[in-house]
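Please examine the model shown here together with its sequence.

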Amino acid sequence: MIGNLKIAYRLTPYQGKKCDEFFSVIHPGDFIYPGHLKSKVCIDIKTAYLFMEDLKKAGYVKNIYEVYCMECNKSKGIFLESLTDFDGNFTCDFCNKSLSVSKDIIVLYKVLHI
């Protein structure tokens, strides 16, 4: 699957090598942040999200949501399976700001299998 995506996204040989290196250490249960994929493979963030969405469509990963304070850039350490699981009473443990499902969520991906 990764090989097909490398072709579909026209990754350069260097990017393809970096992509192989990135996914060679990924295991079921791991989380993949699109920003981390972007940095490691040298692609833009839009491509990173599209790449991950293609893996999701193929059943390799699923969406997961991290509660993250955008005010002080700190994670609450809570990962949600669905946005409906967001508790409207969440506050940041660092700056005490009330957190919102529309502003304080990072979309990432949980690996189901590789």
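The description below begins with the basis of the model and its overall fold.

This is a predicted model, in which local features need pLDDT of at least 70 and side-chain atom pairs count only at pLDDT 80 or more, while totals for chains, interfaces and linings use all residues. Residues are numbered from 1 along each chain as its sequence is written, and side-chain values use heavy atoms, with hydrogens and water left out.

The protein contains four helices and four strands; helices (H or I, at least four residues) and strands (E, at least two) are DSSP runs, numbered from the N terminus. Read from the N terminus, these elements follow the order α-α-β-α-α-β-β-β. The C-alpha trace spans about 45 × 25 × 20 Å along its principal axes. Of the 114 residues, 33% count as buried, where buried means under 20% relative accessible area, exposed over 50% and partly exposed in between (1.4 Å probe, protein chains only). Among contacts (heavy atoms within 4.5 Å) with a separation of 6 or more, 55% are accounted for by residues 24 or more positions apart.

The four strands form an open sheet in the order β1-β4-β2-β3, with antiparallel pairing; two strands pair if DSSP finds at least two bridges between them. β1 (31-32) and β3 stand at the edges with a single partner strand each, so one side of each is left without a neighbour in the sheet. Strand β2 (residues 61-69) pairs with strand β3 (residues 74-80) in the antiparallel sense over five bridges. Within this pairing, Tyr65 has Leu80 in β3 as its bridge partner, and Val67 stands opposite Ile78 in β3. Four residues lie between the strands of this hairpin, where Asn73 takes a positive phi near 60°. Helix α4 lies across β1, β2 and β4 (105-111) and runs at about 135° to β2; such angles run from 0 to 180 degrees between N-to-C directions, with axes fitted as lines to C-alpha atoms, for helices over the stretch in contact.

How many aromatic pairs does a search of the whole structure find? The search finds five, where rings of Phe, Tyr and Trp (its six-membered ring) pair if their centres lie within 6.5 Å, and planes under 30 degrees apart count as stacked, over 60 as edge-to-face and the rest as tilted. The rings of Tyr9 and Phe51 have centres 5.7 Å apart and planes at 45°, so this pair is tilted. The pair links distant parts of the chain, 42 residues apart: Tyr9 belongs to the loop between α1 (2-8) and α2 (13-24), and Phe51 to helix α4 (residues 45-57). Tyr9 is partly exposed at 23% relative accessibility, whereas Phe51 is buried at 2%. In another pair, Phe86 and Phe90 have ring centres 5.1 Å apart and planes at 85°, so the arrangement is edge-to-face. Phe86 is buried, with a relative accessible area of 13%, and Phe90 also counts as buried at 13% relative accessibility.
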